[in-house]
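Dear colleague,

Please find below the structure that I am handing over to you. My notes on it follow directly after.

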Amino acid sequence: MRLSRYFLPVLKETPAEAQIASHRYMLRAGMIKQASAGIYSWLPLGWRVLKRIEDIVHQEQQRAGHIPMLMPTIQSADLWRESGRYDAYGPEMLRITDRHDRDMLFGPTNEEMITDIFRSHVSSYRDLPLTLYHIQWKFRDEVRPRFGVMRGREFYMKDGYNFDVDRDAALHAYNRHMVTYLRSYERMGLKAIPMRADSGPIGGDNTHEFLLLADTGESEVFYDSAILELELGDRAIDFDSVEQCQAICDEWTAPYARTDETHDPALFDQVPEDRRRQSRGIEVGQIFYFGTKYSEAMGARVTNKDGEVVPVHMGSHGIGVSRLVGAIIEANHDDKGIIWPEQVTPFHCGIVNLRQGDGDCDAACERIEAALVERGLDPLYDDRDTRAGGKFATMDLIGLPWRITVGPRGLQNGVVELTSRRTGESEEVSIDAAIDRIG
Ligand code: ATP
Ligand code: MG
Ligand code: MG
Ligand code: MG
């Protein structure tokens, strides 16, 4: 991509309304623009990051056999009356009336709709287990939308729903989701800690939230620092193996980790003192096993092996895809701007031409750009005829992991400058070596 042809509306001034780094940098780097309170347009740079996160979520869900689909944003109130949640949900639900005076709503979540789909088509244990998911915009009329996309009113969420014949099978689905979430966050370069959570109004008896440690987080968290050492890495995982999924969940839930809602000071005191930590956290996902709550209310039943008709056991599992964009920045920035992890960066590398219009410099930049594209990477080439200082400041702000700087003096010696955004270190290397390092 050539910056001269792109749309990157960078702001020089720090927007007054932004209280935390991620919100400031998303506005300044031209990633989002507020449309109204808690509702944002995703400008091209922000959209790229959102899509990369979404891709990782899709890949990890499908790796575990979960099936993608898409449900609408607007739902009928009737389904919610069946589950009893139409009144219970309260003012967070955006209620809409259509021209025929029918009660509709902008979906805050999809348990009712997916249960309706299930009951219309499935009636036998032979069609189970089944996990369906989608990534779709949600609307919750939050009392205090704030921190940009972190607490929006309209936000992008992956929500998945498992259907199983009994409690044991549904608990395996729960564990499987925990493993897919651990893998997803790890692939985004994040340490998200599963913490035992409170089931709240959705109901249920087994739930974990995934929290990212950050001073600006809205939750208070207590944990054993040993949990930070755990890593899945690239270990092979058989998602059908009950034992293997259970073992991974046991490993991650053994160290103490709870939010203030479930915090148990007596239990916490048993953690060795030098490993006891108290901090703030951002909720980036949550998994729930809630059994037959919706299936009983809405008549979603299957015949089991013994020929009995039983309500299906369910769980629902969410990842805050749009919140993650902000959360990743909270965990990866400095005073100059964002520092993207390689796995979610909007472009893999920035190319800065120090003398636009100089034949050699232009040719070298174009060669680097073409070579990176050839390798399947997305470089952002700053080909504007502007001052170097401004170009560097923009690259630092938008936080691409690598910058290749091309100038006439270096080219005379056959080198360009390769700079890592994370370490700030620069080296002079040949063009081919720079391309190899990034590709
Ligand atoms: P919170 O406690 O932050 O209000 P929640 O517990 O109400 O979140 P869930 O119903 O568990 O949210 O939804 C799944 C995920 O969706 C959350 O873990 C979070 O990452 C994301 N999410 C929820 N509300 C918002 C919001 N208003 N803006 C952005 N993301 C959100
Ligand atoms: Mg909420
Ligand atoms: Mg919550
Ligand atoms: Mg939650």
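Which residues are closest to ligand 1, and how many surround it? The shell holds 14 residues, and the closest are Phe155, Gln286, Gly318, Gly320 and Arg323; a residue is counted here if its C-beta atom, placed from the backbone, lies within 6 Å of the molecule.

Please note that this is a predicted model, in which local features need pLDDT of at least 70 and side-chain atom pairs count only at pLDDT 80 or more, while totals for chains, interfaces and linings use all residues. Residues are numbered from 1 along each chain as its sequence is written, and chains are lettered from A and ligands numbered from 1 in the order in which they are written.

The ligand shell

Four elements each supply at least two residues of the shell around ligand 1: β8 (154-164), β13 (276-291), β16 (313-320) and α10 (321-331). The largest contribution, four residues, comes from β13. By class, the shell has three nonpolar, six polar and five charged residues. In this scheme Ala, Val, Leu, Ile, Met, Phe, Trp, Tyr, Cys and Pro are nonpolar, Asp, Glu, Lys and Arg are charged, and the others, Gly among them, are polar.

The chain as a whole

The protein chain has 14 helices and 23 strands, taken as DSSP runs (helices H or I, at least four residues; strands E, at least two) and numbered from the N terminus. Along the principal axes, the C-alpha atoms fill a box of roughly 80 × 60 × 40 Å. Of the 439 residues, 42% count as buried (20 or more other C-beta atoms within 10 Å of the residue's own; exposed means 12 or fewer, partly exposed in between; C-beta atoms are placed from the backbone).

Backbone features

A cis peptide bond, with omega about 0°, joins Leu128 and Pro129. Pro129 sits in the loop between α5 (111-121) and β7 (130-139).

Two residues other than glycine have a positive phi: Asp101, near 65°, and Phe147, about 60°. Asp101 belongs to the loop between β5 (94-97) and β6 (103-106) and is exposed because it has 6 other C-beta atoms within 10 Å. Phe147, in the loop between β7 and β8, is buried because it has 24 such neighbours inside 10 Å.

Yours sincerely
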